[in-house]
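Me: Please take a close look at one helix and its packing. Then place it in the wider assembly.

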Amino acid sequence: MNLRLKNNIAVSDSGFVFNPSTGDSFSINPVGIDIIQLLRASKSEQDIIEDLSDRYDADTQTIEKDLYDFFTLLLQHQLAEKA
Amino acid sequence: MEKKRYERPVIASLNAGITNKFGTRNLNEPISHIDGASIKEITEQYGSPVFILSERKIRQLYRDAHRAFSTRYPKVQFAWSYKTNYLNAVCNVFHQEGSWAEVVSIFEYEKALANGVEGRHILFNGPEKTESDLRKAIEHDSLIHIDHFDELYQLLEMSESLKKRPRVAIRVNMDTGIYPMWDRFGFNYESGQAWDAINKIILTNKLDLVGLHCHIGTFMLSANAYAVAAAKLADLALGIKLHHKQNIEYLDLGGGFASKNTLKGSFLPGADTIPSFDDYAEAICGTLLNAGFTRENLPMLILETGRALVDEAGFLAASVVANKRLSDGRKALVLDAGVNILFTSFWYEHKMTPVEPASHHTEASVVYGPLCMNIDVVRESVTLPPLRKNDLVLIHTVGAYNMTQWMQFIAMRPAVVMVDQEGKTHLLRRAEKTDDLNAMESMPEHLQSFSLA
């Protein structure tokens with residue numbers, strides 16, 4: 001599944017996410033920030049998995065499992081939509 | 001280039017609302033060692049899940065409780081409540097500290113004898129004692145706490161047939177202002193039933209009535225209820241002295257002191273709400289000292305508290321089996337330890353702490369055990385950092401009742417390890433195996449073979 005981050009989502013370097021459409025704000029951890037930045041750069045699911053496995057000490061299976069879960073949350077919080 | 005430490009991506013909604021007056025304390029400081037012993041190494045050696053008991057903590061709790069009572073009252077005796085945790089090593093820690101044994105079945109009675117406790121130092125409670133149980137207790141000169149008239153009359157008969165005078169106490173139930181009132185055990189104080197039992201014992205002159213016993217409830221959050229109980233037992237003892245010219249040697253106030261676990265539905269953590277040992281001691285000792293006993297007739301005070309002396313010494317190390325996302329968006333964790341070995345999770349909100357360092361990012365999670373049963377919920381909601389499959393979680397405190405009420409249901413019961421005062425680990429009970437269960441079964445001959453298409 002590929003996602004597209006909504007255009008107006010604001011993300012700070014420290015992990016603060018704001019959705020001006022709904023007024024909701026979120027905190028996010030460093031791996032989550034990286035995923036958001038990669039989505040913003042229009043990276044595909046596969047690109048994101050490869051990018052994260054290059055930079056983090058985790059296998060691709062773990063990253064893939066976690067990414068599915070994270071994508072579900074981004075959709076649920078209306079921060080992204082299916083591409 | 002060295003890779004960065006991976007942590008599962010987490011996004012948490014920030015909710016504006018009324019400020020939490022208790023702040024946002026981070027409860028996820030990892031606990032990697034218990035008394036110097038590495039939890040990770042314990043699980044590597046003994047498997048996961050594994051119960052871990054701290055010998056140092058047991059002794060500290062006992063000494064704290066004993067000090068609270070013995071500094072207020074001259075004759076204090078503790079009796080270890082076997083049903084709370086009857087692993088022999090745990091019992092022997094208490095016996096080394098000076099505790100007698102308090103048992104509620106012949107199985108526990110035999111355990112106490114095998115542990116080396118003399119019969120005269122065993123209190124035999126409980127509503128079911130068979131004739132052979134009572135005979136054994138009489139032969140060992142144990143203190144038999146009579147629960148009902150059927151037992152009383154049976155003892156009267158047995159004293160004749162055995163030509164012995166059993167040493168007995170009666171269990172008394174009473175209204176101490178708390179709910180529920182435990183009136184199913186013993187003889188009632190307010191209705192006069194306790195006096196009927198006392199008069200029967202003394203006037204038949206076949207049993208030695210040496211004590212009076214009560215046990216007013218469990219996880220008692222009011223120390224004052226013990227003052228009421230002590231006053232009523234003292235009233236009976238003084239009445240016996242007045243009417244029958246007979247001294248009662250001991251008053252047994254039972255147990256029921258709360259541990260620091262948090263009960264489900266509590267607004268504040270258990271540690272902030274329960275009475276201290278000093279509160280209980282002040283209520284009981286103050287009442288007995290002012291009840292009207294002369295110095296030479298002051299009865300010994302026996303206490304059978306179990307939970308408060310061992311709960312905080314017990315931990316359960318478990319591993320994450322899976323991370324899940326529920327349909328309503330909630331996070332769920334599956335652990336390899338479930339309610340079959342953690343009976344107390346039905347009424348406590350056990351603390352859960354990661355064993356490895358984790359980030360400050362957290363997520364509210366439902367925590368399930370491994371059983372294929374919907375009831376297997378260890379915590380309905382607990383804030384935890386992102387955990388990966390096989391990460392260790394420490395569940396605490398679990399020292400009371402879990403290692404006696406656990407059941408072999410779907411999964412086997414795990415090993416129990418004790419960390420001694422030098423930080424060395426000792427296996428107290430090995431993990432169960434399938435062969436252990438099959439060894440108790442037998443197969444009828446006609447069912448020994450079958451063929452499947």
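Reply: Cover here means contact: two C-beta atoms, placed from the backbone, within 7 Å. Helices (H or I, at least four residues) and strands (E, at least two) are DSSP runs, numbered from the N terminus.

This is a predicted model; local features need pLDDT of at least 70, side-chain atom pairs count only at pLDDT 80 or more, and totals for chains, interfaces and linings use all residues. Residues are numbered from 1 along each chain as its sequence is written, and chains are lettered from A and ligands numbered from 1 in the order in which they are written.

Helix 3 of chain B spans residues 88-97. Its buried residues are Val90(B), Cys91(B), Val93(B) and Phe94(B). Buried means 20 or more other C-beta atoms within 10 Å of the residue's own; 12 or fewer is exposed, and in between is partly exposed. An α-helix has 3.6 residues a turn, so residues three or four places apart point the same way. Just after the helix, Gly98(B) takes a positive phi of about 115°.

Now the domains. Chain B is divided into domain 1 (33-52 + 312-431) and domain 2 (126-303), with bounds from an automatic or database assignment. Their contact takes seven residues from domain 1 and six residues from domain 2. The C-alpha centres of the two domains lie 37 Å apart.

Elsewhere in chain B, Ala229(B) sits in helix 8 (residues 224-244). Ala229(B) is buried, with 30 other C-beta atoms within 10 Å. Not counting residues up to four places away in sequence, Ala229(B) touches Met174(B), Thr176(B), Cys214(B), Ile216(B) and Leu253(B).

Last, the partner chain. The contact takes 22 residues from chain A and 17 residues from chain B. On the chain A side, helix 3 (60-76) of chain A gives the most, with seven residues. Strand 4 of chain A and strand 1 (residues 11-14) of chain B run antiparallel, joined by four bridges. Strands pair if DSSP finds at least two bridges between them. Ser27(A) stands opposite Ala12(B) in strand 1 of chain B.
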